Amino acid sequence: RNGLETIFSNALFQLNRNLQVYLQKTRKRKNESEWRPSAICVSEDSFKRDAAFKLLNWISFRYGFGTYIHLLRGYFSKASSEDATSDMERLIKHFKTTSNHVYVDTMISPSYTSAIAQSIQLPGISGMENNMVILEFEKAHPDNLKAIVENFSLVHSGSFDVCILGSSPNSINFKEGIHVWLKATDEENANLMIMLSYIILGHPDWAKSNIKIFEICKPGMEEEVQKNLDKLVADGRLPINTKNIEIITEQENISPKSVINERSAHAGLTLIGFREEHLKHQGREIFLGYDHLGDVLFVNSHKQIVIT
């Protein structure tokens with residue numbers, strides 16, 4: 001029996017190797033209509049919270065691919081290598097209890113920046129190049145948010161979509177669904193946000209959920225915005241009921257954050273877009289102030305994807 005297992009295992013390894021070589025040789029630039037997420041996540045808090053892993057697992061379940069990297073700070077040595085091996089075994093055992101569709105690995109690196117630089121150069125395990133990077137911070141204690149903001153330009157320079165997850169200690173209220181918040185400045189982010197919500201909804205955890213889209217617009221633009229959103233959903237054949245699309249008119253002295261905190265307080269997951277130029281001017285404040293929400297996914301699209 002052991003001999004047969006070894007033969008079968010070796011055959012799988014050879015098949016995987018040949019497939020990877022074939023994919024590398026035949027790789028072509030895919031048409032935008034064939035877009036699907038191939039995401040990589042870097043975290044050193046894997047044993048403190050698993051929100052980032054869950055998100056990656058939702059994305060990878062049916063339509064995407066995911067690689068989760070656990071970071072160990074330090075320099076490579078015999079001792080750190082043994083620690084990495086031990087942590088790897090712990091991670092595999094820890095995530096074995098879930099329906100896992102994510103490839104897990106460890107990385108030894110002296111700094112967060114060097115770990116990011118190394119990770120974004122890794123080949124995608126599916127034979128498809130990674131096109132998305134997921135970073136995560138804890139909303140109640142955003143100690144690593146400064147480092148995330150400082151390294152955004154590094155990730156963005158590699159033509160990656162960037163998702164920054166603000167995790168909450170509260171349990172996820174799946175029945176309240178996924179809320180997607182759009183605004184006029186989200187021209188490039190909107191399609192990615194809607195596609196991600198659709199992809200995440202495909203996971204069994206969200207089986208009884210739905211997607212709600214909110215757009216905050218200037219007075220007098222309500223009818224045009226509604227028409228554009230209805231067309232986007234119809235053309236993309238997305239499972240979003242038009243009754244779940246709501247247009248909210250901007251009001252003086254009421255900030256968008258206040259509106260979002262009120263309307264999405266019970267949402268299972270809230271998606272909010274952000275732009276690079278706003279990040280340069282406002283820094284980490286962009287991601288703060290959503291204390292009434294559960295998990296929040298901040299999305300920055302490298303370029304506009306096409307929903308088909």
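1. Let's start with Ser 43, whose bridge partner in strand E2 is His 70. Strand E1 (residues 38-43) and E2 run parallel and are joined by six bridges; two strands pair if DSSP finds at least two bridges between them. Helices (H or I, at least four residues) and strands (E, at least two) are DSSP runs, numbered from the N terminus. Please keep in mind that this is a predicted model: local features need pLDDT of at least 70 and side-chain atom pairs count only at pLDDT 80 or more, while totals for chains, interfaces and linings use all residues. Residues are numbered from 1 along each chain as its sequence is written, and side-chain values use heavy atoms, with hydrogens and water left out.

2. E1 and E2 belong to an open sheet of ten strands with mixed pairing, in the order E3-E2-E1-E4-E5-E10-E9-E6-E7-E8. At its edges are strand E3 (103-109) and strand E8 (245-249), each pairing on one side only.

3. Two helices are worth a look here. H3 packs on the sheet and touches E2 and E3, its direction making about 155° with that of E3. Helix H4 (residues 112-119) also packs on the sheet, touching E1, E2, E3 and strand E4 (132-138), at about 135° to the direction of E3. Contact means heavy atoms within 4.5 Å; axes are lines fitted to C-alpha atoms, for helices over the stretch in contact, and angles run from 0 to 180 degrees between N-to-C directions.

4. How do the rings of Tyr 68 and Phe 95 meet? Their centres are 6.0 Å apart and their planes at 75°, so the pair is edge-to-face. (Rings of Phe, Tyr and Trp, its six-membered ring, pair if their centres lie within 6.5 Å; planes under 30 degrees apart are stacked, over 60 edge-to-face, the rest tilted.) Tyr 68 sits in strand E2 (residues 65-73) and Phe 95 in helix H3 (residues 78-95), 27 residues apart. Both Tyr 68 and Phe 95 are buried, that is, under 20% relative accessible area with a 1.4 Å probe, protein chains only (exposed is over 50%, partly exposed in between).

5. Tyr 290 and Phe 298 make a tilted pair, 5.7 Å centre to centre with 55° between the planes.
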